Amino acid sequence: MLTLTRHAGDLSCVRAMRTLASGLCAALLLFTATAVQAEDGYALWLRYAAPDAGAAGPSATRVTQLVVAGSPGVPSATREELQRGLAGLQGGAPANGDAVTRAGALLVGTPAASPQIARLGLDLDGLGGEGYRIRSAVVDGHATTVVAANEDIGALYGAFHLLRLLQTGQPLDGLDIREAPRLAVRMLNHWDNLDRYVERGYAGQSIWDWHRLPGWLDPRYTDYARANASIGINGTVLNNVNANADVLTPMYLDKVAAIAGVMRPYGIKVYLSARFSAPMEIGGLDTADPADADVQRWWRTKADEVYALIPDFGGFLVKANSEGQPGPQDYGRSHADGANMLADAVAPHGGIVMWRAFVYSDEEPVDRAKQAYNEFVPLDGTFHDNVLVQVKNGPIDFQPREPFHPLFGGMPKTPLMMEFQITKEYLGFSTHLAYKAPLYEEVLDADTHVQGPGSTVARVIDGSLDGHALTGIAGVANIGSDRNWSGSHFDQANWYAFGRLAWNSDLSSRDIAVEWTRMTFSNDPAVVEPVVGMMMASREAVVDYTGALGLHHVMGRGHHYGPGPWVEGGPRADWTSVYFHRADGNGIGFDRTRRGSDAVSQYAAPVAEVFDDVTRTPEEFLLWFHHVPWSHPMRSGRPLWDELVLRYDRGVETVRGMRETWAGLDGRIDAGRHAQVAAFLAIQQDEAQWWRDASIAYFQSISGRPLPAGVAPPPHPLEHYKALEFPHAPGDTQ
Ligand code: GCV
């Protein structure tokens with residue numbers, strides 16, 4: 001369906017048409033109007049749109065014949081995707097064939113399935129099952145683009161790569177591409193409850209329609225699988241880590257098996273979050289002690305039952321002894337005891353256990369940032385071979401900026417899996433534009449120094465630093481039943497970027513933004529450049545207006561919506577803001593130096609020395625590691641107080657600029673998506689202002705300092721901001 005985008009001139013023409021009924025004017029309108037496809041975001045980055053009028057569009061290369069070798073399953077999915085993609089991009093699907101018979105063909109498959117690929121003798125060594133080559137070659141005398149892999153799934157990933165080339169306007173000549181993923185397990189974690197409520201979800205209900213499963217397989221499941229396969233994601237944990245044991249009952253396992261059936265042709269394994277106390281809740285046992293023989297037997301039998309239904313089931317993700325969840329410590333056992341018991345149950349079937357390290361105790365007076373390290377490092381080397389310990393990117397909880405988690409580099413004998421959050425619990429929910437790839441990149445590139453310079457977090461998790469073969473990365477999904485999947489059009493980019501970096505951590509966040517923008521909006525440089533500029537500035541803007549210079553955990557209580565630097569009291573100190581910012585009349589910041597909580601000592605010596613020294617700590621982490629006077633001199637020459645205030649202003653100003661940039665794209669982007677993004681940016685600007693005003697009002701009440709010259713005072717007294725309540729803010733824990 002096409003809609004006409006009206007420019008100011010067109011409107012006057014419409015008026016003139018009414019009065020003059022002028023046919024000439026009608027012709028002029030048709031001629032000058034930009035035809036922009038009406039879109040709602042459902043197609044994600046897989047729009048396969050025909051070339052934009054007047055812009056440097058998708059590749060001019062035409063595929064004349066499509067040959068996908070192989071039988072049903074993954075090859076069928078590959079064939080369907082290429083047909084769909086080429087039909088859209090070229091304005092018509094190419095002829096299908098069993099063998100290449102003409103120039104301009106596309107040949108896809110494995111040497112085992114295609115004699116023509118086998119005869120090319122391409123070197124596919126070292127690509128594993130998921131890697132692929134894309135080669136321009138001559139096949140039986142015909143110029144052909146070949147996508148070859150050792151296994152069907154590699155060919156599917158290669159097909160998506162090829163479609164990406166076409167979508168972003170790259171020619172298919174002289175290609176010689178070799179790709180293989182760095183990490184074995186690349187997965188989404190859904191924090192989705194069985195009643196379809198999504199914890200920290202801002203995009204509607206869960207996409208898993210449990211009640212109608214297994215009878216009704218929503219076509220959305222297939223599109224979900226396509227989108228994930230297109231970025232190399234090969235696993236999905238369907239349910240919340242705050243798990244309900246019911247998902248392991250026969251009724252739900254049938255539903256899980258039905259979803260697994262949809263995922264299989266796209267190379268995606270299904271996993272479940274397991275509730276540690278399930279043997280008691282659904283198994284009738286009176287204990288869940290991992291040392292108990294009946295408990296062990298129960299889990300083995302349960303694993304057998306799951307694998308009988310889902311032979312390629314991936315395994316279990318577990319949140320144990322964390323934020324009230326049951327776990328092995330309830331019986332005096334360790335995390336390793338619990339993980340190993342479950343690992344033994346799935347091991348005969350090739351399954352894995354991902355045991356989360358997001359733990360902190362309400363009885364533990366120690367700095368919360370230190371607790372996971374303290375609990376897990378002594379267990380290094382005691383986990384069974386099929387266990388991954390899943391660690392959040394930073395030591396607190398997905399804040400807009402955190403230093404890397406000290407466990408990376410701290411457990412060399414244990415494969416550690418990265419956990420990023422794609423959903424934006426702390427970065428403005430779905431209405432704030434915050435492109436998170438720079439955050440992911442910053443963490444992956446961080447140097448732990450545990451084995452000298454270059455011991456990056458990326459090398460810890462890809463196993464190259466310590467020689468682990470089992471490797472992985474998880475992203476907490478931002479997907480829901482909203483038509484555009486992620487609640488906002490730009491949040492799709494965070495899903496996309498997570499997958500791309502999971503495949504190859506060397507990719508740059510900017511390059512990913514460029515390719516996403518070209519596929520999602522337009523290849524027109526007049527769109528790509530400003531949109532990428534907005535994206536690349538956006539995360540830093542959120543840091544600035546929510547609390548820069550290392551401030552953290554200063555949001556509203558419980559729902560985490562909006563500012564709450566005044567939050568204090570309640571059930572536990574480390575759920576308050578005052579615990580983390582420690583502002584007083586003299587200064588602000590959490591002293592984690594050797595003279596303070598000594599969290600710095602959890603890092604390797606060269607890193608610890610930097611973080612321990614106030615003069616060497618990067619300013620973006622200043623208040624994370626140091627309590628400094630309000631007058632502390634910053635690199636800008638300004639005192640800390642002034643710098644902090646100016647950062648709040650800078651954040652608001654960046655959002656204002658983003659909004660202006662977006663307004664300038666009116667007419668170059670379809671009206672539906674343009675309007676929603678524009679509305680969300682207006683919300684973001686208001687809320688950035690609110691964060692800024694409320695935070696300055698609060699911290700000024702503590703610092704007692706005047707605002708720097710020319711800075712506007714908050715329009716309301718502090719009490720106004722403190723009194724705001726949001727009882728039904730989305731995503732809160734249920
Ligand atoms: C799934 C934070 C979130 C919780 C989440 C928890 C976790 O505390 O606010 O909603 O629970 O992290 O990662 O387990």
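The model is predicted: local features need pLDDT of at least 70, side-chain atom pairs count only at pLDDT 80 or more, and totals for chains, interfaces and linings use all residues. Residues are numbered from 1 along each chain as its sequence is written, and side-chain values use heavy atoms, with hydrogens and water left out.

| Ligand atom | Side chain (N or O atom) | Distance |
|---|---|---|
| oxygen | Lys-319 | 2.6 Å |
| oxygen | Lys-392 | 2.6 Å |
| oxygen | Glu-425 | 2.5 Å |

On its own the ligand has 340 Å² of accessible area, and the protein covers 97% of this. Such areas come from the Shrake-Rupley method with a 1.4 Å probe.

The strands and helices named below are DSSP runs numbered from the N terminus, with at least two residues (E) for a strand and at least four (H or I) for a helix. Two strands pair if DSSP finds at least two bridges between them.

A barrel is closed by eight strands with parallel pairing, in the order β9-β10-β11-β12-β13-β14-β15-β16. On average, neighbouring strands of this sheet are turned by 25° against each other, direction ignored. Axes are lines fitted to C-alpha atoms, for helices over the stretch in contact, and angles run from 0 to 180 degrees between N-to-C directions. Helix α14 (residues 491–503) packs on the sheet and touches β9 (185–189), β15 (416–421) and β16 (472–476), contact meaning heavy atoms within 4.5 Å. The direction of α14 makes about 160° with that of β9. Val-353 stands opposite Val-387 in β14.

A second sheet is open, with six strands in the order β4-β3-β5-β7-β6-β8 and mixed pairing. Its edge strands, β4 (95–96) and β8 (176–179), each pair on one side only. Helix α3 (residues 74–90) packs on this sheet, touching β3, β4 and β5, and its direction makes about 165° with that of β3. Four bridges join the parallel strands β3 (residues 65–68) and β5 (residues 105–109); Val-68 has Val-108 as its bridge partner in β5.

Two loops hold backbone details. Pro-214 lies in the loop between β9 and α6 (219–230), and the peptide bond from Leu-213 to Pro-214 is cis, with omega near 0°. Glu-323, in the loop between β12 (315–318) and α10 (335–346), has a positive phi near 45° although Glu-323 is not a glycine.

Note on methods:
A polar contact is a pair of N or O atoms within 3.5 Å; within protein, one must be able to donate a hydrogen and the other to accept it, and residues adjacent in sequence count only if both atoms are side-chain atoms.
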